[in-house]
Amino acid sequence: MNEPIAPHLLERMRAARRVIALTGAGVSAESGLATFRDPLTGYWSRFNPQELASREGFTRDPRRVWAWYLARRRKAREANPNPGHYALARLQDIYPEVVVVTQNIDGLHARAGSRDVVELHGNLARFRCFDEDIPVDYTDPADAAPIVDDDPTTWPDVPRCPQCGGMLRPDVVWFGEALPVAAWTRAEETALASDLCLVVGTSAIVYPAAVLPMMARQSGAMVVEVNPDPTELTRRAALSLRGPSGEMLPWLVAQIAGGGASA
Ligand code: OAD
């Protein structure tokens, strides 16, 4: 059973019209996808981000980086949205404007029915030419051999761009790269215009995404955090709900909608 939300906070959430939800890897944890900074299971506790998520790393060992992203793409494709993703989509029945701004590249918000999703860090399902930086179609064959992270004999060759013969890369943002301009502009505008900002499943330490809740707060939005652990943002949030988003978000949305779901 969760602590009841103070009536004045619930009223403030119900009075909101424009909602931004900033999400991170934690919202997909209950779909079976790893986070980055969990000390035991997070990607960055097992892998060096500079080797796997940078232009330099890709140039040094393209097959390894390609294999890592292709394996993640397969996991994301096989995963299903969880009750946290669905609860965010349900907010669309309550509020006139709901924008999900995500750092995730797994596509699960759209699959759960969120109609307005801003992807700050790209999407695992898309590819582009490393040299020309143009989108390129690539289909990973359904019957392709499995990829094992630490077994180079299972890493496929990097496919080539049909235009120039250069290597394909995933259409994701790597360390040291700028965010897609249109996505960032939209995210900033949405944060500044919002009156409720949900921050879900992110450690809120990677910039510029981490600045969005601060922008929302400075322009008057109520900030609500959903995370099993405290983060950099916790002391600035009007409300922090401690627990997995697959449980806390359906409960929160039921409270806002006036229902009596318990957890
Ligand atoms: P992190 O791994 O930094 O943080 C995940 C957060 O999710 C942590 O605060 C966890 O406490 C929380 N969490 C874990 N399980 C959860 C659950 N079931 N429900 C809710 N929250 C849960 O991931 P991000 O904040 O997404 O960037 O990381 C931001 C960026 O850093 C990523 O987009 C990626 C990474 O390097 C790039 O690759 C460019």
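How many of the 17 residues of α5 are buried? The answer is 12, so α5 is mostly covered, where buried means under 20% relative accessible area with a 1.4 Å probe, protein chains only. This is a predicted model, in which local features need pLDDT of at least 70, side-chain atom pairs count only at pLDDT 80 or more, and totals for chains, interfaces and linings use all residues. Residues are numbered from 1 along each chain as its sequence is written, and side-chain values use heavy atoms, leaving out hydrogens and water.

**Helix α5**
- Helices here are DSSP runs (H or I, at least four residues), as are strands (E, at least two), numbered from the N terminus.
- The buried residues of α5 include Trp66, Trp68, Tyr69 and Arg73.
- They pack against α2 (43-46), α3 (49-52), α4 (55-60), α7 (108-112), β4 (122-129) and β6 (168-172), with contact meaning heavy atoms within 4.5 Å.

**Nonpolar cores**
- A nonpolar core is a set of buried Ala, Val, Leu, Ile, Met, Phe, Trp, Tyr and Cys residues joined through side-chain atoms within 4.5 Å.
- The largest one has 31 residues, and Phe58, Trp68, Tyr69 and Trp174 make the most contacts inside it.
- Its largest share, eight residues, comes from α5.
- Tyr69 touches Leu124, Pro170 and Trp174, among others, not counting residues up to four places away in sequence.
- A second, separate core has 28 residues, including Ala16 and Leu91.

**Cysteines**
- There are zero disulfides, a disulfide being a pair of cysteine sulfur atoms within 2.5 Å.
- For Cys129, the nearest cysteine sulfur is that of Cys164, 3.6 Å away.
- Cys129 is buried, at 0% relative accessible area, and Cys197 is buried too, at 1%.

Definitions and conventions: Buried < 20%, exposed > 50% of the residue type's maximum accessible area, 1.4 Å probe, protein only.
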